[in-house]
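Subject: Structure handover

Hi there,

Here is the structure I promised to pass on to you. Have a look at it first, and then read my notes below with the model open beside you.

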Amino acid sequence: QVQLVESGGGLVQPGGSLRLSCTASGSIDSSNTMSWYRRAPGKQRELVARITTSGSTNYDDSVKGRFTISRDNAKNQVYLQMNSLKPEDTAVYYCNYQRTHGGLRIGSAYWGQGTQVTVSS
């Protein structure tokens, strides 16, 4: 069992920045992928960014160049630095943990409760 707790959401103006954090606890495997997903109003949940324990990353095209995902393996934390925020970034952001090996999913995925990000003037 893995528990995930997100923090850092809030209200910002367009062009502003936020830094989301997620702390994982429980049965953390040495090989895993941690990700940020989001669900915007009227849209399906989508992958924003993901990062493996080895540091390999992937980003959705909509956030490339604006968002940066990073992690601290010793602390079991993952971060999402969000810059140049746009109104369309407004969503509930969810942290996800998945044991992975060579891109293959192993076992269950785990989700945090989500943190609201609102970008509005």
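Let me begin with Glu46, which sits in strand 5, a strand that covers residues 46–52. Please keep in mind that this is a predicted model. Beyond its sequence neighbours within four places, Glu46 is in contact with Trp36, Tyr37 and Arg38. With Arg38 there is also a side-chain link, a polar contact of 2.7 Å.

Not counting residues up to four places away in sequence, Leu47 touches Ser35, Trp36, Tyr37 and Asp60. Tyr59, 12 residues from Leu47 in sequence, is 7.8 Å away, C-alpha to C-alpha.

You will find Asp89 in the loop between strand 8 (77–82) and strand 9 (91–101). The side chains of Asp89 and Arg38 are joined by a polar contact of 2.9 Å, and Arg38 has its polar contact with the side chain of Glu46 too. A polar atom of the Asp89 side chain also lies 2.8 Å from the backbone nitrogen of Lys86. Setting aside residues up to four places away in sequence, Asp89 touches Arg38, Arg66, Phe67, Ser84, Val117 and Val119.

Next, the cysteines. A search of the whole structure gives 1 disulfide. It is formed by Cys22 and Cys95, with the sulfur atoms 2.1 Å apart. This pair links distant parts of the chain, as Cys22 is in strand 3 (residues 18–26) and Cys95 is in strand 9, 73 residues apart. Which hand does the disulfide of Cys22 and Cys95 have? The torsion about the S-S bond is about -85 degrees, so the disulfide is left-handed. Cys22 and Cys95 are both buried.

As one example to find on screen, Val2 has Gly26 in strand 3 as its bridge partner.

Last, the interior. In soluble globular proteins, nonpolar side chains tend to be buried together. The largest nonpolar core here has 27 residues, and the members touching the most others are Leu4, Trp36, Leu80, Met82 and Tyr93. At least two residues of this core come from each of strand 1, strand 3, strand 4 (32–39), strand 5, strand 7, strand 8, strand 9 and strand 11 (115–119).

Happy viewing, and do write back with any questions.

Best wishes

Technical notes
Residues are numbered from 1 along each chain as its sequence is written. This is a predicted model: local features need pLDDT of at least 70, side-chain atom pairs count only at pLDDT 80 or more; totals for chains, interfaces and linings use all residues. Side-chain values use heavy atoms; hydrogens and water are left out. Helices (H or I, at least four residues) and strands (E, at least two) are DSSP runs, numbered from the N terminus. Contact means heavy atoms within 4.5 Å. A polar contact is a pair of N or O atoms within 3.5 Å; within protein, one must be able to donate a hydrogen and the other to accept it, and residues adjacent in sequence count only if both atoms are side-chain atoms. A disulfide is a pair of cysteine sulfur atoms within 2.5 Å. Buried means under 20% relative accessible area, exposed over 50%, partly exposed in between (1.4 Å probe, protein chains only). Two strands pair if DSSP finds at least two bridges between them. A nonpolar core is a set of buried Ala, Val, Leu, Ile, Met, Phe, Trp, Tyr and Cys residues joined through side-chain atoms within 4.5 Å.
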